[in-house]
Amino acid sequence: MNNDDDDEYSATVLGSHWIDRPPEPRDAVPDRVEGSVLRFGPGVTAAAPAPFPVVLPPRARRRPEWRRYTLAGAVLLGVLGYLAWQEWGPGLAVREVSAATADGRDPGCDSTADVVAVVRTNGRPGTITYRWLRSDGTRTEALSERVPRGRDEARLHLLWTFRGEGVYEASATVEIVSPDTRTARTAFTYRCDR
């Protein structure tokens, strides 16, 4: 054996190297860090001091589970609120009433005038109670018209029959009794020259 080889090799130096510094696993991640002691897996029982300070990156915070469903919950509450408003929200309201003859012409000899009142509403379901007042002094009893949901217009008809010769200046007034009180009037002329 060569003396040069004896100077480079020493069992004592090799042994002390393994005791002082254990090799670091390249792909292993410590289970936990206690001060400067690294613990790898359940099989390692001896605490070996780390040759350098160990600083682990902060763990990403997980969102609480309830935050994941916040948007879906808000949408669901909005839909339920809208449906409740549709069912139990404000009732039927009359916005505007107008009246005119159906064909826009004056009635001729021995004919019937169709007087139409157009009632514009807010589109809510409900019942319109009304009566017609004629210029000859007659009036109808209280009548009602059921308005379904989503329909924002109701047409109320009065059929007025005329007979005989002559000229008569007629007018008809629709009187809305409920849900609001409104009136609308139209005038026309009956003419019959034989």
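Begin by selecting T101, which counts as buried at 14% relative accessibility; buried means under 20% relative accessible area, exposed over 50%, and partly exposed in between, with a 1.4 Å probe and protein chains only. The model is predicted: local features need pLDDT of at least 70 and side-chain atom pairs count only at pLDDT 80 or more, while totals for chains, interfaces and linings use all residues. Residues are numbered from 1 along each chain as its sequence is written, and side-chain values use heavy atoms, with hydrogens and water left out.

T101 is found in strand β3 (strands are DSSP runs of E, at least two residues, numbered from the N terminus). Show its surroundings: leaving aside neighbours within four places in sequence, T101 is in contact with D114, V115, T186 and F188 (contact means heavy atoms within 4.5 Å).

**The three-stranded sheet**

Now colour β3, β4 and β7. These strands form an open sheet in the order β3-β4-β7, with antiparallel pairing (two strands pair if DSSP finds at least two bridges between them). β3 and β7 are at the edges with a single partner strand each, so one side of each has no neighbour in the sheet. From one strand to the next the twist averages 15 degrees (axes are lines fitted to C-alpha atoms, and angles run from 0 to 180 degrees between N-to-C directions).

Zoom in on the pairing of β4 with β7, which is antiparallel and spans nine bridges.

Then move along β4 (residues 112-121) to T121. Is T121 buried or exposed? T121 is buried, with a relative accessible area of 4%. Its side chain reaches the backbone oxygen of R151 at 3.4 Å; such a polar contact is a pair of N or O atoms within 3.5 Å, where within protein one must be able to donate a hydrogen and the other to accept it, and residues adjacent in sequence count only if both atoms are side-chain atoms. Beyond four places in sequence, the contacts of T121 include L92, V94, I128, V147 and D152.

**The core**

From T121, step to I128. Not counting residues up to four places away in sequence, I128 touches L92, V119, T121, L143, S144, E145, V147, A154, I176, S178 and P179.

I128 also belongs to the largest nonpolar core, which has 25 residues; a nonpolar core is a set of buried Ala, Val, Leu, Ile, Met, Phe, Trp, Tyr and Cys residues joined through side-chain atoms within 4.5 Å. Which of its residues touch the most other members? Select V119, I128, W132, L156, V174 and I176. At least two residues of this core come from each of β3 (94-101), β4, β5 (126-134), β7 (153-161), β8 (166-178) and β9 (182-192).

β5 and β8 run antiparallel and are joined by six bridges; L133 stands opposite T173 in β8. Between β8 and β9, also antiparallel, there are eleven bridges. As one example, pick S171, whose bridge partner in β9 is A187.

The hairpin from β8 to β9 passes through three residues. Stop at P179, in the loop between these two strands. A cis peptide bond joins S178 to P179, with omega about 10 degrees.

**The disulfide**

The structure holds one disulfide (a pair of cysteine sulfur atoms within 2.5 Å), and it joins C109 to C192 with S to S at 1.9 Å. C109 lies in the loop between β3 and β4 and C192 in strand β9, so the pair ties together parts that are 83 residues apart in sequence. The torsion about the S-S bond is about 110 degrees, so the disulfide is right-handed. C192 counts as buried at 1% relative accessibility, whereas C109 is partly exposed at 33%.

**Last stop**

Select D110, also in the loop between β3 and β4. D110 is partly exposed, with a relative accessible area of 34%. Check its backbone: phi of D110 is near 45 degrees, a positive value in a residue other than glycine.

Technical notes. Helices (H or I, at least four residues) and strands (E, at least two) are DSSP runs, numbered from the N terminus.
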